[in-house]
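Take a walk through this model, from whole chain to single residue. The sequence and coordinates come first.

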Amino acid sequence: MGVRNTVSMTAFVSSDRQRSTPVLRRLAVASEPYLYSAPAVILIVAVMLAPLALGFSYAFRDVKLLNPLSGGFIGLDHFRALIDDKTFARALKNTFFWAGASVALQFTFGLILALLLNRPFWGRGIVQALVFLPWAVPSFLSGLNWAWMFNPVIGPIPHWLFALGLTDAPDNILSDPHNAMWGPIIANVWWGIPFFAITLLAALQAIPRDLYEAASIDGANAFQRFKSITLPFLAPTIAITILLRTVWIANFADLIVVMTNGGPADRTQIVASYIFTQAFRRLDFGYASAIAVVLLVLLMAYALLIVLLRQSLLKKA
Amino acid sequence: MASIDITDIRKNYGAIPVLHGVDLTIRDGEFVVLVGPSGCGKSTLLRMIAGLEDITAGEIQIGGIRVNDLQPKDRDIAMVFQSYALYPHMTVAGNMSYSLRLRRAAKQVIAGKVASAAAILGLDTLLERRPRALSGGQRQRVAMGRAIVRAPKAFLFDEPLSNLDARLRETMRGEIKRLHQSLGATSIYVTHDQIEAMTLADRIVAMNAGLVQQVGSPLDLYDRPANLFVAGFIGSPAMNMLGGTYRAADAAFVAHDNSVVPLGRAYGCADGAAVTLGIRPEHVVVGGAGGHVTAPVDLVEPTGFGTILHLRALGTDLKAFTLERKTAQVGETTSVALPPDRLHLFDAAGSRLS
């Protein structure tokens with residue numbers, strides 16, 4: 001009896017209070033979940049969205065560090081200038097080549113390496129650890145290292161190429177306008193193979209061994225097993241790693257800045273290194289931001305494409 | 001269809017031998033079950049027949065052809081895996097037709113064979129599904145369908161029912177047996193489940209520790225186990241094993257607690273030799289007149305189908321199985337008889353005495 005009395009009394013009191021300040025009370029109740037999540041949301045907005053918005057706004061303003069009077073809104077002027085910018089057009093073309101060749105070679109060698117490391121052999125543990133070593137080298141250090149190796153004064157590579165008859169003279173490939181891009185690409189491939197090898201090896205090891213045995217009993221040879229078991233299993237991983245790497249490499253200017261600085265004659269300038277040049281050499285942050293916005297839009301379109309492709313692959317599986 | 005001859009097959013993993021010389025002949029159309037506890041080498045033997053494991057020594061012939069050095073695909077066998085090993089990216093029809101497509105069979109031939117296998121297994125309506133949209137039993141059927149379409153010389157089953165729940169396992173067991181009756185294919189079936197072995201096999205090969213313990217029909221193994229391992233492995237609830245000695249004077253067994261069980265006849269064994277007496281729980285007679293000993297009831301396990309009584313008798317925990325709904329109470333004392341014609345006697349090394 002006592003308990004029931006208390007319960008009905010509390011109900012009475014609370015309904016009475018609700019009647020006295022209904023709007024405030026309802027507002028408090030409605031905002032409760034938002035208040036709880038507010039700290040996290042504010043943090044994310046402050047850390048992620050605010051800088052993006054700020055950078056985005058630079059693209060529509062005249063921001064030059066050397067001109068204290070700059071900073072005014074200029075609309076689409078930067079983008080108009082971009083359309084006629086020959087260096088930008090070349091950088092865009094170079095970016096396609098740089099990202100395409102780097103990713104294709106990294107993926108091919110990474111896949112081969114993963115397939116090799118997936119077979120048991122004596123000392124595999126040590127070899128695996130060694131293979132993943134380049135990944136641990138700072139990109140800037142590996143850029144310097146490769147630049148020196150391509151340098152005929154201190155590096156062996158030009159002499160080897162000459163000895164093999166591939167070049168007419170032991171010249172620095174990095175100063176050859178037609179082939180300079182291959183220098184950073186080779187350094188990038190060396191540096192990026194482990195990423196593909198690690199991720200693809202992990203995916204390979206998740207494939208049940210039974211399937212290969214069943215297929216070998218069914219009469220499939222090594223190539224047929226690869227085609228009908230390995231590839232379908234790897235496809236989603238391949239799609240996502242290629243997406244990640246392409247976006248990342250298209251944005252990745254370290255090696256180029258260290259090895260060639262975009263030269264000779266902008267032959268190795270990619271969009272990312274062009275942004276770097278505009279922002280930190282010419283100190284034109286507004287124009288650099290406009291280029292960055294274009295790159296962002298292109299990469300987002302590309303990412304969307306790959307995600308759609310992956311979805312359809314997963315749906316088929 | 002073909003016979004399979006296995007001659008002195010051995011297998012070592014590095015320095016560790018896992019098969020110590022197995023001889024076995026499987027007749028054309030026979031259903032042979034390899035049974036034993038895990039690690040006994042039964043799966044290794046099956047995989048050696050399939051060509052998935054190298055043969056350390058010995059010879060395997062399928063249909064009179066030595067296959068030691070042939071690739072799995074050239075041995076003309078089909079295998080059903082415990083995990084089913086279905087290709088997840090192919091439909092049911094794709095899974096079943098994969099081997100035929102690899103052999104570049106004509107489209108109509110493939111369609112016909114897949115359709116007839118699907119009809120046998122009741123998969124007609126599932127042909128366009130992918131494995132992950134199937135239940136465990138359906139996947140198992142697809143795995144068998146993949147084997148059937150090939151019409152191979154022999155079917156190899158590697159614990160195919162172990163991943164199914166108990167009810168489904170019973171159903172599929174029946175289906176496999178029916179399938180074998182209609183196809184008459186030479187089959188080797190590996191399992192650790194003695195019930196599967198008993199119900200499916202024409203002949204059982206009981207294995208332990210890399211050696212064949214006994215080969216024979218299911219009832220052979222049940223009624224006349226060659227040694228203690230087979231006696232203990234086949235049958236559920238397991239056979240009672242009593243330690244004691246043989247008394248030649250009156251052909252009797254003397255248990256550790258000195259109680260005497262008359263054996264009914266003389267066995268080829270020295271007086272006073274240490275022996276093990278075996279009797280199946282369903283053969284122990286509880287209650288009634290003429291019991292050898294009286295024993296208190298220790299534990300009562302009703303199974304619905306019958307009752308398992310645990311008795312403290314002959315210096316051990318003696319199990320008795322009866323179809324009657326025993327109303328015996330724990331602590332009650334009852335008389336126990338061990339009929340001489342139901343007794344098995346094993347020597348100290350574990351071999352059956354005659």
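A residue is called buried if 20 or more other C-beta atoms lie within 10 Å of its own. By that count, 41% of the 354 residues of chain B are buried. The model is a predicted one.

Stay with chain B for its overall build. Its C-alpha atoms fill a box of roughly 75 × 45 × 35 Å along the principal axes. Eight helices and 20 strands make up its secondary structure. Contacts in chain B with a separation of 6 or more can be split by sequence distance: 64% of them join residues 24 or more positions apart.

The UniProt annotation "domain: ABC transporter", from an unreviewed entry, covers residues 4-234 of chain B. That span is 37% helix and 26% strand. Its end C-alpha atoms lie 25 Å apart.

Now move further along chain B, to a sheet. Strands of a sheet pair through backbone hydrogen bonds, either parallel or antiparallel. Here the pairing is antiparallel, in an open sheet of five strands with the order 15-19-16-17-18. The edges are strand 15 (285-286) and strand 18 (316-322) of chain B, and each pairs on one side only. Strand 17 (residues 307-313) of chain B is joined to strand 18 of chain B by seven bridges. These two strands run antiparallel. Look at B:Ala313: it stands opposite B:Thr316 in strand 18 of chain B.

Next comes the contact between the chains. Chain B gives 17 residues and chain A gives 15 residues. On the side of chain B that touches chain A, strand 6 (77-80) and helix 2 (92-102) of chain B each supply at least two residues. That side of chain B divides into 12 nonpolar, three polar and two charged residues.

Finish on one residue of chain A. A:Thr95 sits in helix 4 (residues 86-117) of chain A. Is A:Thr95 buried or exposed? It counts as buried, because it has 22 C-beta neighbours inside 10 Å. Which residues does A:Thr95 touch, leaving aside those up to four places away in sequence? They are A:Ala250, A:Ile270 and A:Val271. A:Leu141 is 46 residues from A:Thr95 in sequence, and their C-alpha atoms are 22 Å apart in space.

Terms used: Residues are numbered from 1 along each chain as its sequence is written. Chains are lettered from A and ligands numbered from 1 in the order in which they are written. This is a predicted model: local features need pLDDT of at least 70, side-chain atom pairs count only at pLDDT 80 or more; totals for chains, interfaces and linings use all residues. Two strands pair if DSSP finds at least two bridges between them. Helices (H or I, at least four residues) and strands (E, at least two) are DSSP runs, numbered from the N terminus. Two residues are in contact if their C-beta atoms, placed from the backbone, lie within 7 Å. Ala, Val, Leu, Ile, Met, Phe, Trp, Tyr, Cys and Pro count as nonpolar, Asp, Glu, Lys and Arg as charged, and the others, Gly among them, as polar. UniProt positions are given in the numbering used here, feature names are shortened, and annotations may be inferred rather than shown by experiment. A residue is buried if 20 or more other C-beta atoms lie within 10 Å of its own, exposed if 12 or fewer, and partly exposed in between; C-beta atoms are placed from the backbone.
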